[in-house]
Amino acid sequence: VTGRLVNLNGEALPDFELVFRNTDSRRPNSIVRTDASGAFRIETAPAGEFVLATQSTPSILVQGLTLGAGQVMHLPLVLDWGGHEIRGIVVDANDNPVPASRIVLNWSHEADGVNSRTIRRTASDAQGLFAFANLGPGPHSLLIDAPGFPSVDMDHDLNREGYSLTVRLN
């Protein structure tokens, strides 16, 4: 199995460590690192369904991959990575900051049956502020959980809505 990691703009993503795991196993079959051009190679891979994932933040998971016996496969993989950021504040209905809110940022991309997902997590600080960096452009979804408030699920498109947002909890 060979492949190349790129962002939505087609730019190479070097120095990413990926775990290759057959879905029938809980243990990794191999661990590879992308080179300067974002390329990787897995010399020996068992046939069947498999996933590629990171073991670090951000959490990246690539699913929908199947390798036949004796098959050679090349995977162009698109991941959520770039120079964009989301900065925000979590406030209550009276615009008071809500500290210690858990925020999960999700992104997904599907092409040719291959689904790439990125999950990032953070918490708001004492002033209710939070930030996510190294994002690619386009739509992301956020899930905000704060003690004493109902969860908020929202979509945010960096291309249309910019880099700053206010999450109002009721």
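Here are a few friendly notes on the fold, surface and charged pairs of this predicted model.

1. Let me start with the overall picture. The chain is built from 14 strands and one helix. Along the principal axes, its C-alpha atoms fill a box of roughly 60 × 30 × 25 Å. Of the contacts between residues at least 6 apart in sequence, 56% join residues at least 24 apart.

2. Next, burial and surface. The chain has 170 residues, and 41% of them are buried. Its accessible surface comes to about 9100 Å², with carbon and sulfur atoms contributing 47% of that area.

3. On to the charges, which may interest you for electrostatics. There are 13 positive and 19 negative charges, and their mean positions lie 6 Å apart. The salt bridge count comes to six, and the points below take up some of the pairs.

4. Arg33 pairs with Glu17, with 3.4 Å between the closest N and O atoms. Arg33 is partly exposed at 46% relative accessible area, and Glu17 is partly exposed at 36%.

5. Asp95 and Arg168 form a salt bridge whose closest N and O atoms are 2.4 Å apart. Asp95 sits in the loop between strand E8 (84-91) and strand E9 (102-111), while Arg168 belongs to strand E14 (residues 164-168), 73 residues away. Relative accessibility is 45% for Asp95, which counts as partly exposed, and 42% for Arg168, also partly exposed.

6. Finally, Arg41 and Glu43 meet through their side chains in a salt bridge of 3.6 Å, N to O. Both Arg41 and Glu43 are exposed.

Methods. Residues are numbered from 1 along each chain as its sequence is written. This is a predicted model: local features need pLDDT of at least 70, side-chain atom pairs count only at pLDDT 80 or more; totals for chains, interfaces and linings use all residues. Side-chain values use heavy atoms; hydrogens and water are left out. Helices (H or I, at least four residues) and strands (E, at least two) are DSSP runs, numbered from the N terminus. Buried means under 20% relative accessible area, exposed over 50%, partly exposed in between (1.4 Å probe, protein chains only). Contact means heavy atoms within 4.5 Å. Accessible areas come from the Shrake-Rupley method with a 1.4 Å probe; for residues, only the protein chains shown count as cover. Lys and Arg count as positive and Asp and Glu as negative; His and the chain ends are not counted. The place of a charge is taken as NZ of Lys, CZ of Arg, CG of Asp or CD of Glu. A salt bridge is a side-chain nitrogen of Lys or Arg within 4 Å of a carboxyl oxygen of Asp or Glu.
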